Amino acid sequence: MNAWHIGVRGAKNAVAQVLATLATAFGLFWLGWILWTTLLNGLASINLALFTQMTPPPGETGGLLNAFVGSALMSGLGVLIGAPIGVLAGTYLAEYGRGAWFGEVIRFVNDILLSAPSIVLGLFVYTLVVARVGHFSALAGSLSLALIVLPVVVRTTDEMLRLVPTQMREAALSLGVPQWKVTTQVLYRASLPGIVTGILLALARISGETAPLLFTALNNQYWTTDLSAPMANVPVVIFQYAMSPYDNWHSLAWAGAFFLTLFVLLVGLAARAIVSRHRMTHD
Amino acid sequence: MSVITLPVPTRVAGDAADRGFRWLATGAALLVLVALAAAAGSMLWGGRAAFGKFGFGFLVSRTWDPVAHEFGALIPIYGTLVTALIAILIAVPVSFGIAMFLTEVAPKWMRGAIGAAVELLAAIPSIIYGMWGLFVLVPALAEHVYPWVDAHMGSWPLVGVLFSGPPLGLGMLTAGLVLAIMIIPFIASVMREVFLTVPGRLKESAYALGSTRWEVVWDVVLPYTRSAVVGGIFLGLGRALGETMAVTFVLGNSHDLTASLLMPGNSIAATIANEFTEADSPMYRSSLIALGFVLFLVTFVVLAAARLMLRRLSRQEGNR
């Protein structure tokens with residue numbers, strides 16, 4: 001070992017640290033730029049009409065009311081369908097399927113479903129529902145969103161239930177409480193913040209999903225709450241309006257993008273706040 | 001002598017409910033399996049007309065002619081692979097740098113805030129990336145970057161052909177760049193998480209022997225987490241392959257096969273998103289669903305590999 005060798009190591013270390021810092025700056029630079037553009041264009045397009053009027057034909061003024069309502073309805077319904085099934089399946093993985101090969105298979109499949117391309121799930125619901133029924137519908141849209149909610153909730157429920165200490169189960173079972181009551185009244189209560197966080201994360205994820213809605217709910221220029229008809233929704237409106245050559249449509253698309261981003265970030269922050277407030281301790 | 005008769009243990013009242021709940025949970029778990037299998041099956045079924053008519057040639061034919069009902073998947077498959085490859089080439093070193101910065105380099109007070117920001121940003125919907133790409137990045141690249149790339153890199157030997165072309169702004173390189181920006185927070189947060197699983201005593205031992213931070217990351221942290229890091233990269237690759245909205249905006253929707261990365265192209269997901277609602281013949285529609293099946297197969301293989309590699313680390317941890 002000599003001074004030269006140590007000098008080379010030090011130089012390598014310095015270069016690596018500078019590069020790592022630059023990489024972080026590089027990553028944050030693009031993301032900052034994207035958020036900045038969305039904020040700027042979004043704020044410029046905000047007006048009261050957004051919340052009182054329907055999506056307009058080209059050249060006319062209008063708002064996004066039907067799209068906001070449609071998105072809320074379909075996302076809500078997607079969570080309502082997907083979350084209970086997800087919680088139950090997560091319960092199976094954590095409580096009944098531990099160490100069993102069937103549980104391992106389900107966990108593996110769920111992880112794949114978790115990152116499967118959403119456009120594929122849209123095509124699935126298209127062939128399953130839309131092609132059979134013969135027309136696009138909000139219900140089909142909700143179903144494809146539920147398929148995205150499902151694996152997220154399964155995963156978090158599984159993880160959260162595993163964090164509950166075994167002594168809690170043993171204590172309840174030794175009192176003669178049947179297992180289903182232990183699960184629903186003790187374990188769910190202990191892991192509620194975690195499960196709610198999972199559902200919130202799923203909600204954030206589906207509120208911006210565009211691809212699966214393209215072939216299921218499609219879009220609708222008019223107001224509707226009929227679940228068996230095509231329904232307007234924010235992501236598809238953004239897609240169609242941004243790809244169009246009309247300026248007023250572009251500005252509506254930016255407004256939609258702004259509120260979408262705002263919603264997703266707020267829900268993400270809320271999920272974080274729940275987790276940090278209820279951080280479980282097992283001592 | 002009297003016989004003591006013990007009361008026959010009666011079944012607890014909750015027994016039926018207990019079994020019912022168990023079956024309910026098992027059924028829900030089974031539904032996850034059914035959903036994935038049904039998704040694959042339904043797309044194979046929906047694409048049967050295309051697979052039946054074109055056979056294996058569907059995968060290698062570059063024809064895409066809705067008028068003559070002749071379809072081949074070569075161009076979308078090529079575009080999907082090329083854009084995902086560009087994205088991975090850019091995103092992996094940057095994500096590794098971010099993960100290293102967040103676990104070893106940055107001061108403690110900075111780590112939590114930037115880590116949280118990166119995770120929040122990973123949740124931004126992909127359509128926002130696509131829209132930003134179309135309205136901001138495409139004009140910027142067309143005006144300032146691509147003319148330079150064409151003039152300087154276009155004449156390089158061998159790879160020059162990749163970088164020569166008209167500065168349209170739209171195209172494979174742009175799509176790859178947008179995808180990279182999108183998966184950077186994703187891969188970085190997975191890498192950061194697996195780096196944090198390295199036991200402190202391993203790193204402390206290395207530091208105590210006089211290792212530099214770089215040596216700790218490269219010779220201790222990375223070997224310990226190698227399979228999970230590769231798994232995280234594959235997860236990002238899976239996302240890049242299947243991403244729809246971010247690329248549809250900036251790819252240009254062209255069914256021509258060109259070597260240049262500056263020319264418009266197409267990807268599987270973008271083709272489906274652009275053309276599905278306009279597909280007017282059963283064969284057209286079936287070909288698009290068949291494309292979806294191909295995408296499903298490719299991402300399935302990539303994601304399965306990713307999960308197996310990520311699992312190896314957690315198993316290793318469990319044994320300790």
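**Entry 1: the core.** I started with the largest nonpolar core, which has 192 residues, and A:Ile119, B:Tyr129 and B:Ile272 touch the most other members. A nonpolar core here is a set of buried Ala, Val, Leu, Ile, Met, Phe, Trp, Tyr and Cys residues joined through side-chain atoms within 4.5 Å. Buried means under 20% relative accessible area, exposed over 50%, and partly exposed in between (1.4 Å probe, protein chains only). Helix α7 (residues 172–196) of chain B gives the most to this core, with 17 residues. Helices are DSSP runs (H or I, at least four residues), numbered from the N terminus.

**Ground rules.** I noted that this is a predicted model, where local features need pLDDT of at least 70 and side-chain atom pairs count only at pLDDT 80 or more, while totals for chains, interfaces and linings use all residues. Residues are numbered from 1 along each chain as its sequence is written, chains are lettered from A and ligands numbered from 1 in the order in which they are written, and side-chain values use heavy atoms, with hydrogens and water left out.

**Entry 2: A:Ile119.** I looked up its contacts (heavy atoms within 4.5 Å). Leaving aside neighbours within four places in sequence, A:Ile119 is in contact with A:Ala211 and A:Phe215, and also with residues of chain B, including B:Gly242, B:Ile272 and B:Leu295.

**Entry 3: where the chains meet.** I found 79 residues from chain A and 79 residues from chain B in the contact. The two chains bury about 7100 Å² between them, 81% of it on carbon and sulfur atoms; that is the accessible area (1.4 Å probe) that two parts lose on being put together, summed over both. I counted four salt bridges between chain A and chain B, each a side-chain nitrogen of Lys or Arg within 4 Å of a carboxyl oxygen of Asp or Glu. B:Glu215 forms a salt bridge with A:Arg9, and their closest N and O atoms are 2.6 Å apart. On the side of chain A that touches chain B, helix α1 (residues 3–45) of chain A gives the most, with 19 residues.

Entry 4: I checked B:Thr174, which is found in helix α7 of chain B. B:Thr174 counts as buried, at 0% relative accessibility. Beyond its neighbours within four places in sequence, B:Thr174 is in contact with B:Leu137, B:Val138, B:Leu141, B:Tyr146, B:Gly169 and B:Val250.

Then I turned to B:Trp148, in helix α6 (residues 126–152) of chain B. B:Trp148 is partly exposed, with a relative accessible area of 45%. I also noted 32 Å between the C-alpha atoms of B:Trp148 and B:Pro125, which are 23 residues apart along the chain.

Technical notes
Helices (H or I, at least four residues) and strands (E, at least two) are DSSP runs, numbered from the N terminus.
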